[in-house]
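Open the model in your viewer and keep the selection tool at hand. The stops below go through a pocket, a cavity and some aromatic contacts.

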Amino acid sequence: MRNVKNNIKVATAFLGIILIASCKNPIKVGGSDIQTNVPDFIKKYKETTLPIVMKGCEFEKGLPLTNENILYNRVDSNRTPDGSVPYCTFRTNGDYYAVINLGLADCILPSLVTYDKNGKLIDEKFIGIGYCGSGPGFHCEEFTSIRNDFSIYTSDTISEAETDSLGNEIKETLHKYVMYKKGRLLSSGKIELTDTLRQVLEK
């Protein structure tokens with residue numbers, strides 16, 4: 001009987017140690033290690049991993065974590081306060097949350113937003129370019145990436161040409177260029193981003 005009681009005491013003590021350890025170990029949700037009191041608004045975002053690549057003019061193909069029904073659902077509860085659509089969250093390089101929101105235009109335009117563990121805003125940057133649209137002789141590809149090293153690159157690759165009376169492009173007037181920005185997500189949650197730069201491409 002004494003051995004049984006001793007075994008029960010040992011088992012109880014062991015269970016207590018496990019429970020204490022589990023309370024000290026944070027749960028990983030949407031980024032860096034966090035405690036269980038995740039702000040409710042973070043739970044709206046799908047969790048993914050880096051690298052993240054977005055092609056805003058290709059919709060479902062270029063934005064694999066969403067679809068057209070979600071993007072154009074008019075229910076306010078599915079939107080952020082500024083009317084954009086929650087897209088994703090990911091593991092960060094510091095003690096903060098990071099999320100991506102999508103703005104709706106001719107092409108989908110992303111913004112990167114960071115919050116501290118209490119849900120207070122740290123930083124917010126538009127990480128698209130926004131030059132893409134439609135028109136005769138105008139072609140554009142919207143591209144944004146956040147790489148494994150938390151570097152950011154976003155660009156619009158554009159070709160423009162004059163058109164004749166039939167709408168055909170005049171090859172002699174064709175010119176191509178890239179509008180781009182580079183940046184980095186810092187461990188503090190701050191977002192570094194250059195101004196929009198231009199690079200001319202060969203025809």
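For the residue classes used here, Ala, Val, Leu, Ile, Met, Phe, Trp, Tyr, Cys and Pro count as nonpolar, Asp, Glu, Lys and Arg as charged, and the others, Gly among them, as polar. The model is predicted.

Start with Tyr45, Thr80, Pro81, Asn101 and Tyr115: of the 14 residues that line the largest pocket, these lie nearest its centre. Strand 7 (109–115) and strand 8 (121–126) are the elements that give two or more residues to this lining. By class, the lining has seven nonpolar, three polar and four charged residues. The volume of the pocket is about 180 Å³.

Phe41 lies in the loop between strand 2 (33–34) and strand 3 (46–48) and Tyr115 in strand 7, so the pair ties together parts that are 74 residues apart in sequence.

Next, select Met54, Lys55, Gly56, Leu63, Leu102, Ile108, Pro110, Glu142 and Thr144, which line the largest cavity. Its volume is about 30 Å³, and its lining divides into five nonpolar, two polar and two charged residues.

Then select Phe143, Tyr153 and Tyr180, which form one aromatic cluster.

Finish with two charges over rings. The charged end of Lys117 sits over the ring of Tyr97, 5.8 Å from its centre. Arg198 lies over the face of Tyr177, 3.9 Å from the ring centre.

Note on methods
Residues are numbered from 1 along each chain as its sequence is written. This is a predicted model: local features need pLDDT of at least 70, side-chain atom pairs count only at pLDDT 80 or more; totals for chains, interfaces and linings use all residues. Side-chain values use heavy atoms; hydrogens and water are left out. On a 1 Å grid over the protein atoms alone, a cavity is a set of points where a 1.4 Å probe fits but cannot get out, and a pocket is an open set with protein on both sides within 12 Å along at least five of seven lines; lining residues have an atom within 4 Å of a point. Grid points are joined across faces, edges and corners, and a volume is the space filled by probe spheres set on the points. Helices (H or I, at least four residues) and strands (E, at least two) are DSSP runs, numbered from the N terminus. Rings of Phe, Tyr and Trp (its six-membered ring) pair if their centres lie within 6.5 Å; planes under 30 degrees apart count as stacked, over 60 as edge-to-face and the rest as tilted. A charge sits over a ring if NZ of Lys or CZ of Arg is within 6 Å of the ring centre and within 35 degrees of the ring normal.
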